Amino acid sequence: MEITNVSEYEAIAKQKLPKMVYDYYASGAEDQWTLKENQHAFSRILFRPRILIDVSKIDLRTTVLGFNISMPIMIAPTAMQKMAHPEGEYATARATAAADTIMTLSSWATSSVEEVASTGPGIRFFQLYVYKDRSVVTQLVRRAERAGFKAIVLTVDTPRLGRREADIKNRFVLPPNLTLKNFEDLDLGKMDKTNDSGLASYVAGQIDQSLSWKDVKWLQTITKLPILVKGVITAEDARLAVQNGAAGIVVSNHGARQLDYVPATIMVLEEVVKAAQGRIPVFLDGGVRRGTDVFKALALGASGVFIGRPVVFSLAADGEAGVRKVLQMLRDEFELTMALSGCRSLKEITRDHIVTEWDRPRIAPRL
């Protein structure tokens, strides 16, 4: 069967993967309301396309933190990719480099920063969880720097792990042949089997619940790399991110895996963008499955988007080739959306190209 869109990979991944692994990737927190909403909310934003514009040439290129990339579609950090495919993060790194865009490597990857760097050139960011033992954090950041990673993506929405009931039911644990490769030499690479989610127990034991804005400042004293704060969904926190020296914001609800009944990220994007006042770039993570979704995010002020689940599902289905195809399909759909909306470059995508439920009167003013 020919794959014609990104979402089709999920069913294939479900067939191929062990239940524990598929459920880990696919599920959200508690009732999974936000999980469904992350995707569904895009359908409440409609287009106002402009016609009779010469769209024979379309330029998708952009810069992120000064790095030139082929399109505003990047790879979000997703953990333990070797559960999806034996090549795991290696395959994702090669596919991302081939697409000339940015990969974010998870702290909890099953391949180390050094191994991912060894796949060849590419612009890579490193996602960081702050451990209670700060020497672990310092070592990890230094290793990421030495391996040529270009930014730190600090996850700030996980003082504790959200309640993911599928993982509790399945007694989720990292398969015995795999380790959290970045922590192998620190004796933190294994997860104990528990009568709960093994990951939840690991987080409770290792991750610092006292993390606060002062730690964002502290991080700036141990690295010169730019720091993106991932997990901001309010204007108040967007302003604090700017005040505390963040180089950018990733609007994210952790793939709906932390606090259920927070809004979809696309619903809070505009609020965060307005609060950042153009001082730092704002990116969207969560629910992106179509090129139309990318356009909508940019129209609401995002500088780019990050994709997560489509990567692990396509990786499970077809390894590196699957990830390449996901990036190509999203690129092609996004380019087509631009052409049909009358936009020849990213700077031509404006708020006037969309109408949302909350400004719906703009569609049909009463005469």
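Reader: How many of the residues of strand β7 are buried?

Author: Strand β7 covers residues 151-155; strands are DSSP runs of E with at least two residues, and helices are runs of H or I with at least four, both numbered from the N terminus. Buried means under 20% relative accessible area, exposed over 50% and partly exposed in between, with a 1.4 Å probe and protein chains only. A151, V153 and T155 point one way and I152 and L154 the other, all of them buried. The count for β7 is five of five.

Reader: Good, and what should I know about the source?

Author: This is a predicted model, where local features need pLDDT of at least 70, side-chain atom pairs count only at pLDDT 80 or more, and totals for chains, interfaces and linings use all residues. Residues are numbered from 1 along each chain as its sequence is written, and side-chain values use heavy atoms, leaving out hydrogens and water.

Reader: Which residue of β7 does F126 stand opposite?

Author: Two strands pair if DSSP finds at least two bridges between them. Strand β6 (residues 123-128) and β7 pair in the parallel sense over four bridges. Within β7, the residue opposite F126 is I152.

Reader: Why does L35 count as buried?

Author: L35 lies in helix α3, residues 33-40. L35 counts as buried because its relative accessibility is 18%.
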